[in-house]
Amino acid sequence: DNSCKFITKYRSCRRQVRVCSGEADHHEGMSSDDELTPTEVTEFQKSKDNVLEDSRKIFEDVHADFCDIRKILLKFQEWKEKFPDSYCDAYISFCLPKLLNPLIRAQLINWNPLEQNFTELEEMPWFRAIEEFSDAKNISET
C-alpha cells in the first residue's frame, strides 16, 4: 500500500518536471517508470515460482474424484439423471459456481493472457468440462 503511494507520488513529480521543462513528446503509459529493474524482475520471478510451488500442493491430499472438475460434474450429471427432483430442489445451478471456483482459480494461477503464447480460456480442460456439462444439461432438459 505504501509502495503504491510512493510510486504514485514519484510519477506525479516526474510529470510535473516534464511539464515545467516543456517535454512535449511524452506519451502517458509509455514511461520508463513502468519498467522493472533486473533485481525487481528476479524478485518477482522468485516470488512467482514460490506461489506456483505452493499451488501444486493445494490438492495433494484430496481424492482424485474431488479435485477434477470433469469427475465432479459427472457425479452431478449422474445425480440429475437418477434423482431429477432432488437435483432440482437442491438448486445445483447456484451451487456449482461456488463449488468449482477454487478448482478453477488453482488452474488459473499461472495463466497470463498478456503473454504471447497464452492458452485461450475456451481451450482449457475445465472450461470444456463445464461446457459439456451445460450442453448435457440442455439436451436432457429438451
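Y91 sits in the loop that links helix 4 (84-89) to helix 5, where helices (H or I, at least four residues) are DSSP runs numbered from the N terminus. Y91 has a positive phi of about 50°, although it is not a glycine. With a relative accessibility of 54%, Y91 counts as exposed; here buried means under 20% relative accessible area, exposed over 50%, and partly exposed in between (1.4 Å probe, protein chains only).

The model is predicted, so local features need pLDDT of at least 70 and side-chain atom pairs count only at pLDDT 80 or more, while totals for chains, interfaces and linings use all residues. Residues are numbered from 1 along each chain as its sequence is written, and side-chain values use heavy atoms, with hydrogens and water left out.

Two salt bridges are counted, each being a side-chain nitrogen of Lys or Arg within 4 Å of a carboxyl oxygen of Asp or Glu. In one of them, the side chains of R70 and E132 meet at 2.5 Å, N to O. Because R70 lies in helix 3 and E132 in helix 6, this pair ties together parts that are 62 residues apart in sequence. R70 is partly exposed at 35% relative accessibility, as is E132 at 44%. In the other, E53 pairs with R56, with the closest N and O atoms 3.2 Å apart. Both E53 and R56 belong to helix 2, three residues apart, or about one turn of the helix.

The surface also carries patches, made of residues with over 30% relative accessible area and no salt bridge, in which like charges are joined within 9 Å and nonpolar side chains (Val, Leu, Ile, Met, Phe, Trp, Tyr) within 5 Å. V51, I58 and I109 form a nonpolar one, with about 230 Å² of accessible area together, by the Shrake-Rupley method with a 1.4 Å probe. I58 is in the loop between helix 2 (38-56) and helix 3 (69-82).

Conventions
Helix = DSSP H or I, 4+ residues; strand = E, 2+ residues; numbered from the N terminus.
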